[in-house]
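Please read the following account alongside the sequence and the coordinates, taking each residue in turn as it is named.

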Amino acid sequence: MKKHRVALLFVSLLSVCAVSHAQKPIRVDVNLVNVAFTARDASGALVSNLTKDDVELFEDAVPQKIEFFARSTDLPLTLALIIDASGSQEHFEKKHRKDLQVFLEEILGPRDRVFMVCFGNHLRLVSDYTNSPQELLDNYQEWDKGKKHFPEIGPKEERDLGTAFYDSIYYSITERLAEGGGRKAILMFSDGEDNSSSHNMMQAIEAAQAANVIVYPIRYTEAKRGELNARNKYGISVMDRIAKETGGAHIDAQKTDPHDYFRRIAEELRTSYELAYYPKDRTKDDTFRKIVIKPKQESIRIRCKTGYFSR
């Protein structure tokens, strides 16, 4: 009977998330691990007809029993738009604005909620949750003109240098996205470079994994004379790692049409799968547990977060 009640609660929570953001999510102290994933075929098209019998689930290479499995379509999105305004991104200010406009005008749906953070060595909440593309664009334009009256997120930090990349992810999750419903994701406009955060890359990744937030780094890297320097290469590796660990995708904004990549991101987020399981090893030992979802059909490729910390 207890297991039946938990199953009903899991299903009802998915329904609540898909219908309304007005209520705060219900938190229940259970050992269920929830994982969202997307599946594409060999041609890159989304696969929308999988059942739990079509996949195998492993935690630390140990097979796990899938207790709950659901396919979601037309999910409302809860998004953070994080825009790097540090010195290395000055060259891309106009492209940031243009790409942001594409996203807001073509992708944002009537049930979606978005907030915007712009950062250098301060993390400014340029727009709190809204569904209005015009409000977001107006606030961004005001920020871009040098207005600094927007509130900060995270504790007040003394930062000598100019790029708090990891902190912008960490505090956007812990102070906003962690309590959100629907499908949660970050769209990150940056080059992946950091020199003033109080958190590191792994802490930012862990926060995203714990809150089931998918990160899509959209990279703007200025290569001088067409050559990447060591700092550029490090930023690229950071964005690759964050995308992989959270189940997102790393996008080169200079080589990809924003109309295409924003459409693909929205398509992935709105049409995806959820599964949940009780780990066979339920020890709370602060270790990282690696998750693998393996499709039984070899031509299918699945993307999800790489795991979680058992806390």
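Does Glu-245 count as buried or exposed? With a relative accessibility of 11%, Glu-245 counts as buried, where buried means under 20% relative accessible area, exposed means over 50%, and partly exposed lies in between (1.4 Å probe, protein chains only). This is a predicted model, in which local features need pLDDT of at least 70 and side-chain atom pairs count only at pLDDT 80 or more, while totals for chains, interfaces and linings use all residues. Residues are numbered from 1 along each chain as its sequence is written, and side-chain values use heavy atoms, with hydrogens and water left out.

Glu-245 belongs to helix α6, which spans residues 230-246; helices (H or I, at least four residues) and strands (E, at least two) are DSSP runs, numbered from the N terminus. Its side chain makes a polar contact of 2.8 Å with the side chain of Arg-241, a polar contact being a pair of N or O atoms within 3.5 Å, of which, within protein, one must be able to donate a hydrogen and the other to accept it, and for which residues adjacent in sequence count only if both atoms are side-chain atoms. When neighbours within four places in sequence are left aside, Glu-245 is in contact (heavy atoms within 4.5 Å) with Ile-205, Gln-209, Lys-305 and Thr-306.

The next stop is a pair of helices. Helix α4 (residues 165-175) and helix α5 (residues 201-210) pack at an angle of about 25°, their axes lying 9 Å apart. That angle makes α4 roughly parallel to α5, a description that applies to angles under 35 degrees. From α4, the residues Tyr-166, Ile-169, Tyr-170 and Ile-173 meet Met-201, Gln-203, Ala-204, Ala-207 and Ala-208 of α5. By type, the residues of this contact divide into 8 nonpolar, 1 polar and no charged, where Ala, Val, Leu, Ile, Met, Phe, Trp, Tyr, Cys and Pro count as nonpolar, Asp, Glu, Lys and Arg as charged, and the others, Gly among them, as polar.

Ser-196 is placed in the loop between β8 (183-190) and α5, and Ser-196 counts as buried at 12% relative accessibility. Not counting residues up to four places away in sequence, Ser-196 touches Asn-121, Arg-159, Leu-161, Gly-162, Thr-163, Ala-164 and Asp-167.

Finally, Pro-295 sits in strand β12 (residues 288-295) and is buried, with a relative accessible area of 17%. Apart from neighbours within four places in sequence, Pro-295 is in contact with Asp-54, Val-55, Ile-300 and Ile-302.

Key
Axes fitted to C-alpha atoms, helices over the stretch in contact; angles between N-to-C directions. Parallel < 35°, antiparallel > 145°, perpendicular 65-115°, else oblique.
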